[in-house]
Amino acid sequence: MVQVKKLKDGSRQIILNAKQFDEITRILSELAAKTKASTILLADISGQLITQRGNTEDINTAILSALAASDFAATSEMAKLVGEEAKFKLLFHEGEKRNVYLSNIGDNFFLVVVFDVSVTLGLVRIYTKKAIQNLTSVFESSESDEDASKVIDQDFSSMLGDMLDESFK
Amino acid sequence: MFINWALQEINLKIVYYGPGMSGKTTNLEYVHSKLDPSLTGELVTLKTKEDRTIFFDFMQIEVGKIKGKKPKFNLYTVPGQVYYASSRKIILNGVDGVVFVADSQADRMEGNIETLLDLEKNLTSMGYSLENFPWVIQYNKRDLPNSESIEALQKKLNFFNVPYFDGVAIRGTGVFDTLKAVINLVVKHVQTQL
């Protein structure tokens with residue numbers, strides 16, 4: 001499954017394997033086709049972009065996911081302030097040309113769907129809901145996982161150090 | 001930290017924390033202005049009319065491939081003003097490392113301490129602790145005449161003996177050293193946690 005590991009110090013680490021990634025991409029492509037959404041993003045709740053579909057060239061999607069995550073986090077705080085105990089599950093931003101629909105997937109991920117105003121919201125809602133169910137089962141599917149300790153070893157940190165020196169000259 | 005094996009990406013989140021006007025945004029602006037454009041994305045700043053950060057600043061840095069993996073660093077600043085406490089908490093979500101930008105001016109000591117306690121409180125509420133968390137301090141505005149001595153600042157703020165740097169962020173002094181140090185700490189920390 002998508003490993004959401006609690007590390008010794010309480011911090012969180014999320015690891016996605018290649019098979020899951022393919023599966024997620026497939027679900028998002030299907031959602032894009034069904035809803036005619038212009039852009040779809042899947043990100044983790046800290047704002048890190050996982051994958052994207054549709055027109056992503058004209059939009060800086062790294063920034064869009066950072067903003068969307070904060071949007072979510074801000075509304076959860078708002079929920080608390082107004083006495084709503086659960087988090088708000090979805091956010092909808094209505095524009096003149098484009099609408100943005102954000103929906104969380106469990107506690108760790110969320111989906112951003114950008115679509116033209118000519119597309120009905122109902123349609124987006126229905127297909128997004130279905131995509132979220134499918135994504136949830138991908139996230140929950142258990143499989144053997146890859147081990148991060150193999151990548152981030154001693155070598156890695158010294159090479160990274162050299163690279164930073166080079167870039168930050 | 002987020003690892004995507006399919007794309008071979010390792011994402012790390014670094015947050016610049018500190019009292020209002022201590023120079024958090026200036027740090028990011030300097031990094032953004034000096035790095036090769038191929039390594040960095042756009043710098044987004046959510047500011048008020050008066051140029052104060054209202055929510056956060058954000059930029060992403062990539063340094064190329066290491067052992068086939070692409071590390072990406074997502075840099076954020078928090079709004080320093082006291083009344084944006086909940087925004088600060090929000091931005092810390094999923095954080096891997098912190099740069100505490102302290103204002104060296106003598107009359108800002110209280111603000112530094114207050115913000116550091118606020119950081120500790122927020123980290124604790126997320127299950128982390130300042131004692132074991134990767135973070136560094138930058139004593140910024142060293143060029144100002146009313147700045148405290150490093151010894152005094154160290155005594156008041158650096159009780160966990162984390163790496164610290166002198167900074168004049170507006171001229172870039174200490175900016176890259178600070179960033180490099182926090183990235184190294186984060187990577188080392190991740191290793192020990194795996």
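Author: Helices (H or I, at least four residues) and strands (E, at least two) are DSSP runs, numbered from the N terminus. By that rule, chain A has five helices and seven strands. The model is predicted, so local features need pLDDT of at least 70 and side-chain atom pairs pLDDT 80 or more, while totals for chains, interfaces and linings use all residues. Residues are numbered from 1 along each chain as written, with chains lettered from A and ligands numbered from 1 in the order written.

Reader: What makes helix 5 of chain A and helix 5 of chain B roughly antiparallel?

Author: Their angle is about 170°, with the axes 10 Å apart. Axes are lines fitted to C-alpha atoms, for helices over the stretch in contact, and angles run from 0 to 180 degrees between N-to-C directions. Over 145 counts as roughly antiparallel, so this pair qualifies.

Reader: Which residues of helix 5 of chain A make the contact?

Author: S157(A), L160(A), G161(A) and L164(A) do, facing a set on helix 5 of chain B that includes I183(B) and V187(B). In contact means C-beta atoms, placed from the backbone, within 7 Å.

Reader: How many residues of chain A are in contact with chain B?

Author: 43 residues of chain A, against 43 of chain B. Helix 5 of chain A gives the largest share of chain A's side, nine residues.

Notes
Angles under 35 degrees count as roughly parallel, over 145 as roughly antiparallel, 65 to 115 as roughly perpendicular and the rest as oblique. Two residues are in contact if their C-beta atoms, placed from the backbone, lie within 7 Å.
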